[in-house]
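Dear colleague,

Please find the structure below, handed over for your work.

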Amino acid sequence: MTTLLDLNYVLRFQSLPSELYSNVLPQGINNPKLVVSSHSTASLLGLDSIALETQESLKLLSGQGVLSTWQSIAMKYTGHQFAQYNPNLGDGRGLLLAQVEHKNITWDMHLKGAGATPYSRQGDGRAVLRSSIREFLASEALAALNVPTTRALCVIDSDSPVYREQQETAATLVRVAQSHIRFGHFEFCSFSNKPELLKTLCDYVIHEHYPELDNEPQKYLVFFKNTLQKTAELMAHWQSIGFAHGVMNTDNMSILGDTFDFGPFAFMDEYEPSFICNHSDYQGRYAFNQQPNIANWNLSVLAQALLPLTNKEDLMQQLESFSDYFKESFFTKMNAKFGFICAFDSHQDFIDDSLKMLASCKLDYSYFFRKLNNIHIESVRQEIRNHCLDINLFDRWYTQYEQALVKDGQVPDEASQIKRKNNMDNVNPKYILRNYLAQNAILAAQLGDYSQVQTLHNVLSKPFDEQPEFEEYAQLPPDWGKKLEISCSS
Ligand code: AMP
Ligand code: MG
C-alpha cells in the first residue's frame with residue numbers, strides 16, 4: 001500500500017523569492033474523522049486511497065502534524081474583488097503542504113482550513129464542514145464531466161467549533177492541482193512595483209508548465225495567449241453545462257484555466273441566463289451570463305500586470321481574440337449537446353433561439369438536454385412539453401429542431417439515431433450536483449452520517465452513465481430545493 005509517507009515529494013515553489021510566501025505550520029483540528037475521499041485524485045498522486053483511512057493520514061491531513069519532507073507555506077497574492085483592487089490577500093485559510101511528483105507531473109497538495117496565516121486578516125483560518133463538502137463534491141463532479149478543475153483528495157470533519165452565523169464544526173479539505181498560482185500572484189508583483197519578482201514568477205510558471213517556451217523570444221506573450229485560450233475554453237465548458245461559479249474575483253482565477261475556489265457556486269436547475277448564485281452579489285456582476293465577459297475583464301487585468309514584460313499592442317490584440325476562442329469552443333460544445341455534427345458555426349442562430357426557448361419555457365437545463373436524444377419519440381416529447389411554461393413556443397421550437405437536424409445532414413434511420421443518442425449521452429449528463437442534493441448530503445453529514453456524501457460522490461463520478469439504482473439522484477429538484485441561498489461565510 002502506498003501511503004502519504006511514500007510519495008515523491010519535491011520542493012519547487014520554494015525556489016521562488018520569499019516575498020511570495022510565508023512559512024506557516026498547520027494548526028490541527030480535534031478528533032479528525034474521514035468524511036469522504038476520492039480514489040481518482042489519490043491515483044493522480046500515486047497514492048492508495050485506502051491509505052487515507054489510517055490514523056497517521058488523518059492526523060497529517062487534519063493539520064495535526066507535518067512530514068519532514070514537507071515545507072508548508074501560505075502564498076502571498078492580491079487581486080480584484082468585485083472590480084476593486086485588494087492588496088491584502090493571500091492564503092488566509094489554506095497552506096501549500098507539499099508538492100508531489102508522479103508520472104512526470106507535479107501536483108500541489110493544499111490543505112484548506114489549516115488555521116490562521118499572516119494573510120488571514122480578521123478570519124480564523126478555518127473552513128466549515130458544509131463548504132468543504134461542497135468543494136469536494138463540485139470539483140470531483142466537474143472532473144467527471146471533463147471540465148478543467150482543481151481536484152479534491154478528501155474532507156476531514158472534527159470536533160473543533162467554528163463560528164459563522166452560528167456555531168459549526170471545522171473541517172479540512174485537501175485540494176490537489178497542478179498549480180495554485182492565480183492571476184492575483186501577477187497582480188501582486190506588478191502592482192506592488194516589483195518588476196524583477198514579476199519576471200522571476202513568469203519564468204517559473206513558463207518553466208514549470210510550458211517548458212517548450214523557455215527559449216522563445218516572445219515567451220511572455222505566448223504565455224498570456226495560452227492562459228487566455230485556456231480561460232476561454234473553461235468559460236465555454238461552464239456555459240455549456242450550466243455551471244455558475246459565483247465569485248470570479250481575479251484571486252480565484254487559475255493561471256492554468258482550472259475551475260478554482262468554490263464558494264456559492266451552483267449547477268443551474270431551471271435555465272435562467274441572468275441567474276445569480278451568490279446572494280451577496282447584489283449587482284449581478286457574476287451572474288451566469290456575465291461569466292465570459294468577466295473572464296475577459298479578468299484577463300485584461302492580467303494583461304495589465306504583464307505590461308512590464310510585454311508590448312501593450314500585442315497584449316491588446318490577444319485580448320480581442322477572446323470572444324472568437326470562446327465562441328468556437330462554446331458552439332462546438334453546444335453542437336454536440338444538440339447532436340449536430342456540422343461545423344461549430346452552422347447552427348449558431350438555432351442554438352441562440354433554443355436557449356431563449358429554454359428560458360421562456362423555464363425548462364430545467366440538464367434535464368432538457370438529457371431527454372433531447374429521444375425527443376422524436378412522442379411520449380418523451382410530451383413529457384418535456386408538460387414542464388413547459390409556453391407550450392406553443394416549445395412546439396414551434398421543435399419544428400425548428402427537426403429542420404436543423406435535416407440541415408445538419410442527419411438521417412432519421414434507426415442506426416443513425418442510436419449513434420446520435422450515444423454521442424449525446426456522452427456530453428449531456430444524467431447526474432449533476434444540484435444544490436438540493438448537496439444540501440441533503442450536508443445535513444446528514446452535520447449529524448454524523450457521511451454515507452450520503454459518499455454515495456453522491458460515487459453517483460457523480462459517472463455522470464453520463466445510466467445508474468438505475470440511483471434514479472432518484474436524477475430527479476428534478478423539489479420546490480424547497482429550487483431557490484436555495486448559499487451563504488458566502490464558509
Ligand atoms: P475566498 O472568498 O474564499 O476566495 O477568500 C478570499 C480571501 O479571504 C482569501 O485571501 C482567503 O484566504 C481569505 N479567507 C476566506 N475565509 C477565511 C477565513 N475563514 N479565515 C482567514 N482568511 C479567510
Ligand atoms: Mg479565493
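**The ligand and its surroundings**

Ligand 1 sits in the largest pocket. Please note that this is a predicted model.

The shell around ligand 1 consists of 16 residues, and the closest are Gly-90, Gly-92, Arg-121, Asp-124 and Gly-125. By residue class, this shell divides into two nonpolar, seven polar and seven charged residues.

Polar contacts to ligand 1 include the following:

- Gly-90 contributes a polar backbone atom, which lies 2.7 Å from an oxygen atom of ligand 1.
- Asp-124 places a polar side-chain atom 3.1 Å from a nitrogen atom of ligand 1.
- Asn-252 has an N or O atom in its side chain that is 3.1 Å from an oxygen atom of ligand 1.

As for accessible area, ligand 1 exposes 480 Å² when taken alone, and the protein buries 78% of that.

**The protein as a whole**

The secondary structure of the protein comprises 17 helices and 13 strands. Its radius of gyration is 23 Å, close to the 23 Å that the globule rule gives for 490 residues, so the protein is as compact as a globular protein of that length. Along the principal axes, the C-alpha atoms of the protein fill a box of roughly 65 × 55 × 45 Å.

With kind regards

Methods. Residues numbered from 1 in each chain as written. Chains lettered and ligands numbered in written order. Predicted model: local features only at pLDDT ≥ 70, side-chain atom pairs only at ≥ 80, totals over all residues. Heavy atoms only, no water. Near = heavy atom within 4 Å. Polar contact = N/O pair within 3.5 Å; in protein donor to acceptor, adjacent residues only side chain to side chain. Areas by Shrake-Rupley, 256 points an atom, 1.4 Å probe, with all protein chains shown as cover. 1 Å grid on protein atoms, 1.4 Å probe; cavity = no way out; pocket = protein on both sides within 12 Å on 5 of 7 lines; lining within 4 Å. Sits in = over half its atoms within 2 Å of the grid points. Nonpolar A, V, L, I, M, F, W, Y, C, P; charged D, E, K, R; others polar. Helix = DSSP H or I, 4+ residues; strand = E, 2+ residues; numbered from the N terminus. Rg over C-alpha atoms; globule rule 2.2 N^0.38 Å.
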